[in-house]
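Please look through the following note on the structure shown below. The points are numbered so that each can be checked on its own.

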There are 2 protein chains.
Amino acid sequence: MSAPAFDGRRRVIIEGVSPTVDDGRFPAKRVTGEIALIEADIFADGHDVLSAVMLHRHQSESKHRETRMTPLVNDRWRAELSIEQLGYYFFTIEAWVDHFLTWHRDLQKRDAADVDMQLRIGAEMIRGAASRAKARDRKRLEHFIATIEGDDEMSDKLHDMRSDELLELMWRNSDRANATRLQCEYAIEVDRPRAAFSAWYELFPRSFGSLRNVEAELPGIAKMGFDVLYLPPIHPIGRRFRKGRNNVVNAGPQDAGSPWAIGSSEGGHKAIHPQLGTFEDFRHLIGAANASGLEIALDIAFQTSPDHPYVSEHADWFLKRPDGTIQYAENPPKKYQDIYPFFFESAEWRDLWNELRDVFLFWIDNGVRIFRVDNPHTKPLPFWYWTIREIKKDHPDVIFLAEAFTRPKIMYWLAKAGFSQSYTYFAWRNTKYELTEYFKAISKPPVSDFLRPNAWPNTPDILTEYLQYGGRPAFVIRLILAATLSANYGIYGPAFERLVHEAREPGSEEYRDSEKYEVKQWTPSNDDLSAMIAVVNRVRRENPALQQNVTLQFHNTTNDEIICYSKSAGENVVVTVANVDPHNTQSAWIDLDLAALQLDGNQPFQVHELLSGARYTWHGPRNYVQLNPNVVPAHIFRIRRKVRSERDFEYFL
Amino acid sequence: MSAPAFDGRRRVIIEGVSPTVDDGRFPAKRVTGEIALIEADIFADGHDVLSAVMLHRHQSESKHRETRMTPLVNDRWRAELSIEQLGYYFFTIEAWVDHFLTWHRDLQKRDAADVDMQLRIGAEMIRGAASRAKARDRKRLEHFIATIEGDDEMSDKLHDMRSDELLELMWRNSDRANATRLQCEYAIEVDRPRAAFSAWYELFPRSFGSLRNVEAELPGIAKMGFDVLYLPPIHPIGRRFRKGRNNVVNAGPQDAGSPWAIGSSEGGHKAIHPQLGTFEDFRHLIGAANASGLEIALDIAFQTSPDHPYVSEHADWFLKRPDGTIQYAENPPKKYQDIYPFFFESAEWRDLWNELRDVFLFWIDNGVRIFRVDNPHTKPLPFWYWTIREIKKDHPDVIFLAEAFTRPKIMYWLAKAGFSQSYTYFAWRNTKYELTEYFKAISKPPVSDFLRPNAWPNTPDILTEYLQYGGRPAFVIRLILAATLSANYGIYGPAFERLVHEAREPGSEEYRDSEKYEVKQWTPSNDDLSAMIAVVNRVRRENPALQQNVTLQFHNTTNDEIICYSKSAGENVVVTVANVDPHNTQSAWIDLDLAALQLDGNQPFQVHELLSGARYTWHGPRNYVQLNPNVVPAHIFRIRRKVRSERDFEYFL
């Protein structure tokens, strides 16, 4: 039997801290300009009043600042943390039984017979505070003691005890001897706002000839309202086992090869394909893009062609088979002889990790600040945890998008480990039920604290059946869903806006004559969606509600083909109603959760349809919608919450 | 820039471990005889096959045993841990990329051209295993290598590779060099089965004269089917400020006082009230109770009367006011001058903690193994964490019931900290909605991993409005709900079975002429519920389904006054249907979730009503029930899952 090893007078318990990811094992994610709500369950035995502070610091600071926490309900406490700098913030919580506040609360409830004794007890506590206080506070506290112990009327003494000044002095000099402090700091990882809100456009530079020629496309892409231009790998492409058009095994001499078969005698991950241009061209493109309000995102694919310089220079980074040949990629019985994976269990894994990190740093030195990472789930997961932190130490503005089309827990882990954005299963979520369940799951804590979805209707690898057979309406529907359900979204163009929809063969999600294996010539189309895309992106920029996901809420409709959801940011409330059936006109009654939208159900409210500009007055929660997919398959309504007060105002005129 | 501090070749991630409480900060609770399902999310990059073991030990062991884990779905893995001993079990998890199993899986999918090379790769791995193996395994592994490298037909070699023996040998000698092991052990706290399944009966010994006289009540209590007999404090009662009948401030000379005003010149927490008897009487009562299948539970209330010996002997354990008097309990403007709380912020808190722990040990030495702890939420929460562990170190069979009628998070924390059972809000959950929401919340993980509810329809402090005005039906309904919703339940008798229902005044939950403040004479009642209680307790004992809560499931009914829920344990399935309206006959269609009950919806099934003995045949999920509260307000059905196979059998006769 032994005495406890801790101080048993620390009566306060602090638990259930948020935002946290896996109990603090990973940081929660925020962007600059946000207010992070730091919360915890804080309680103690009995009925004493507690006080609590949230202690916080940016990574660049060693000393904590303090913010007083406020009780909400059910023993939950909160403080606001203003997120201003990139990098990491750290916070912890300290709380204590506040005997002065307990005394102060009870003083008002006591009967007259007790007051004299209570003032003596109060004077003792104020004296204690004075002994802890610095000169100026001490002087004021001693003044209060003198009042209590002096000859003033009792009512004057009590009036003094209730003064804000005394409360403020006692707070500043509170007795924290028995305070409980959390034993760890929790981290918040801060990115720039583009990590949370971005519209991506992907194109293959070689289809436009060269990096210089891509510059001619910038005004059009900017006009559509995108802010990230993502380029598949721009490195030299291997020759041996090169794949031909439509991914056939033997390329002809004219075949351009896949940009993901990286490396040739002309260089590897730190080189540019000679036909695309020079590093000067690349940096010029970055400058031109930035001038158009676009950032260049580069693809990083950690694999090599058999011709990559690494293969000869770093044989230890590849797995050898018993006959001495290098193990190519395979998924038996399929073989991918044009791709060598790195051997991450190599004894030389440290050199490999350092080199791969340096690939990122190399392109950062050349002006890149956004990376799309190819198949991160086929490289060791701890590698990403380390690499992203290594890079962010000096470059906290860098954004990483994980192309991890893999099982949910691996997708989540990569996001926890540091990826700023994540491709999602959006492409395969087409029905109202699928979309609702999926976005409910990923738009709320805990998931939303670490994973930022990036929704793509198409990619060079994914031409869904929905797009193959849904015609123009399918493209419009998927565009609007991606752009309004997810604050980050992207399209692979010009295939998308030109409605390219032919698959390699029935049942395949590969494009026929895929741009992955050949150079395309993009010719304008009559049916081009670029004007529609420009409208949708403008709506996103003008409505803060669409620039985040955490307020996403689904509303009931009477038709399984009509989906309805809202997002809000302060006074900005946007309701999207979409027909997910690309073939037929659908109609429904929609039941808005007016309470959740903070709308008064007894008053009409104005809705402004942002795609068409039309304005309607709605009455109550239930309103009728009919959507013809061939005209416009969705409405994006901005709700005017203020109708009631404006009407009230009219009555006074 | 630095190399990673960890071994990057450890590719496996282990997370989401269960059962755990607050990520391992507290143990999960189980009882002996249970199988604990240990689960985790285990995954790595790529598509390699993984292997995992759960490592476990009882606290008495220093070395881990290993149990192989099995993959379920969605990267979830499981192993079973058989809980056999009291105290603590510790477990952790180790997992690795299993290159041999990956090779083994892929071997079957490879085309013929690859097989030769693959056998060479396999031989290398088997050679590696042989180098790690002990003599006997090594010899067998070398035999397999010889086969691969020998002149056998390829088909024979492949046949060998597929042998169970080889898989077993390779498993035992698997290459774990790059295994990931969780960095901590998780704890499981093991109680005896009574902690999870018990029926409590509370009585005031003094109302029967003495401890000796209580022995005469034992057969009746045992006949009703209870297994715990709980006695309010049996210590000497203070004189100063003693409360009179109905809690009036000044007791008359004949007033017996409240048993919770502990301590007089005759002794304190380690003494027995002289009128109740001697320690010999107490130990005799324990023996007699045990002989009747009952255990004695003792109340521990850590507070004193002004006359308690502690007050003079340990003045430092009490808070003094400025005038030197001791601070009595108060909730301004209410004063409780008859009660002194301990001052847990005393400089002498260590002595106080040790003494309070010793109070438990004192009664343990006198044969007590179950304690009901009075108001634990008004003593520092860390005190309970320490005390319960101190006691359980040497007495892992001791059970603690927390009477923490307080805010939910404090109630939960006390359970996490070590209380074996917890009083609940059951008394105030009367409607179908309230009962459903409440028991859903407390019967499933994470809550059920640390909190074991104990449901009381009444206590000496709680006579609910429902019982005051609901008549006999109210008592029967609340009995059946408590006994079937919660594996642990209790009643305060004889007040309960004799339907005592008069409150001190309207709006009060206090009994009129409460037994807390006076000695009662219990006279038999015509309407006594003891026969009904005996039936209910027999049903509980005969049906393992009612001896746990985690399988609790609610089923829809068409009437808000009719609640329906099931519990199951293996083949034992019990469905309870109750009318929660004590005044009116109610009827409903109930919609059983047959899939959840593993019943075939296309076949009739037999239900056996356990209160009446009646048997019915039900067809499909929807069945009609009508319940007259004045006859019997509930049915407890045992479902015969086997009907289908029995009928099938009949056809063959």
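1. Buried area is taken here as the accessible area, with a 1.4 Å probe, that two parts lose on being put together, summed over both. On that basis chain A and chain B bury about 6,400 Å² between them, 54% of it on carbon and sulfur atoms. With contact meaning heavy atoms within 4.5 Å, 69 residues of chain A are in contact with 69 residues of chain B.

2. As to provenance, this is a predicted model, in which local features need pLDDT of at least 70 and side-chain atom pairs count only at pLDDT 80 or more, while totals for chains, interfaces and linings use all residues. Residues are numbered from 1 along each chain as its sequence is written, chains are lettered from A and ligands numbered from 1 in the order in which they are written, and side-chain values use heavy atoms, with hydrogens and water left out.

3. A salt bridge is a side-chain nitrogen of Lys or Arg within 4 Å of a carboxyl oxygen of Asp or Glu, and across the interface of chain A and chain B the rule finds 16 of them. In one of these, R110(A) pairs with E330(B), the closest N and O atoms being 2.9 Å apart. The side of chain A that touches chain B draws at least two residues from each of several elements, including β1 (13–18), α2 (112–132) and α10 (349–365) of chain A, where helices (H or I, at least four residues) and strands (E, at least two) are DSSP runs numbered from the N terminus. The residues of that side divide into 26 nonpolar, 10 polar and 33 charged, where Ala, Val, Leu, Ile, Met, Phe, Trp, Tyr, Cys and Pro count as nonpolar, Asp, Glu, Lys and Arg as charged, and the others, Gly among them, as polar.

4. Over all chains the structure holds 107 salt bridges. In the one between E295(A) and R192(A), the closest N and O atoms are 2.7 Å apart. E295(A) lies in strand β13 (residues 295–300) of chain A and R192(A) in the loop between β10 (186–191) and β11 (198–202) of chain A, so this pair ties together parts that are 103 residues apart in sequence.

5. Most residues other than glycine have a negative phi, and most peptide bonds are trans. The peptide bond from P445(A) to P446(A), however, is cis, with omega near 5°, and P446(A) sits in the loop between α13 (432–443) and β19 (453–455) of chain A. In chain B, the bond from P332(B) to P333(B) is also cis, with omega near 5°, and P333(B) is in the loop between β14 (329–331) and β15 (334–336). L499(A), although not a glycine, has a positive phi of about 60°.
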